[in-house]
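Please read the sequence and the structure below before going on. The report that follows covers bonds, contacts, strands and surface.

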Amino acid sequence: MGVATSKKHGKKNTSGKVLASVALVAAAAGVAGLGTYGSFTSTTSASASVTAGTVKVALGPDGTTNRFSVAATGLVPGDTIQRAVTLSNTGNQSLASLSLTTSAPTTSSKLDTDATNGLQLSIDSCSSAWTEAGTAPAYTYTCSGTTKTVLSSQK
């Protein structure tokens with residue numbers, strides 16, 4: 001009988017230890033959770049003002065400051081056509097960059113697919129005003145200052 005009582009008492013003792021361990025772990029986790037809780041508060045100032053800037057790029061009116069309206073007709077291989085245009089930024093912010101896209105009007109040909117023998121495009125700027133000579137559609141331009149190539153598709 002003493003053996004049976006000892007086993008029963010052992011089970012109660014083990015169950016009590018397990019229950020006490022679970023309670024201790026739960027209490028420790030609760031305390032750890034309270035110790036790691038934090039909050040974040042942020043404020044902003046409503047006194048900062050924001051205004052929008054503008055960049056307005058415009059071509060000059062048709063004439064000596066804008067020859068893009070003059071058609072280039074009767075071209076044969078080896079011909080060169082020059083056109084001058086004045087770009088103005090009338091906005092209140094600086095212009096960082098400008099891009100130019102060209103495309104074939106309807107069907108593609110060697111003019112727009114052959115990088116060596118096709119149409120070549122070059123955009124130059126002059127440190128002073130360009131001097132125009134010739135008549136429509138064969139204008140030519142000279143620069144009395146420093147010429148800088150801005151864009152070139154020539155190989």
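Is the disulfide of C126 and C143 right-handed or left-handed? The torsion about its S-S bond is about 80°, so the disulfide is right-handed.

This is a predicted model, in which local features need pLDDT of at least 70 and side-chain atom pairs count only at pLDDT 80 or more, while totals for chains, interfaces and linings use all residues. Residues are numbered from 1 along each chain as its sequence is written, and side-chain values use heavy atoms, with hydrogens and water left out.

**The disulfide**

A disulfide is a covalent bond between the sulfur atoms of two cysteines. Here the term is applied to a pair of cysteine sulfur atoms within 2.5 Å. Searching the whole structure gives 1 disulfide. The sulfur atoms of C126 and C143 are 1.9 Å apart. C126 belongs to strand β3 (residues 122-126) and C143 to strand β5 (residues 140-143), so the bond ties together parts that are 17 residues apart in sequence. Strands (E, at least two residues) are DSSP runs, numbered from the N terminus.

**Strands β4 and β5**

Strand β4 (residues 130-133) pairs with β5 in the antiparallel sense, over 4 bridges. Two strands count as paired if DSSP finds at least two bridges between them. W130 has C143 as its bridge partner in β5, and E132 has Y141. Most residues other than glycine have a negative phi, and most peptide bonds are trans.

One face of β5, with Y141 and C143, is covered, and the other, with T140 and T142, is uncovered.

Side chains of opposite charge can pair when their charged atoms come close. A salt bridge is a side-chain nitrogen of Lys or Arg within 4 Å of a carboxyl oxygen of Asp or Glu. The search of the whole structure finds 1 salt bridge. R67 and E132 form a salt bridge through their side chains, at 2.8 Å from N to O. This pair links distant parts of the chain, since R67 is in the loop between β1 and β2 and E132 is in strand β4, 65 residues apart. The side chain of R67 also has a polar contact of 3.1 Å with that of Y139. A polar contact is a pair of N or O atoms within 3.5 Å; within protein, one must be able to donate a hydrogen and the other to accept it, and residues adjacent in sequence count only if both atoms are side-chain atoms.

**Accessibility**

Buried means under 20% relative accessible area, exposed over 50%, and partly exposed in between (1.4 Å probe, protein chains only).

| Residue | Relative accessibility | Class |
|---|---|---|
| C126 | 16% | buried |
| R67 | 12% | buried |
| E132 | 28% | partly exposed |
| F68 | 51% | exposed |

F68 lies in the loop between β1 (57-59) and β2 (87-89).
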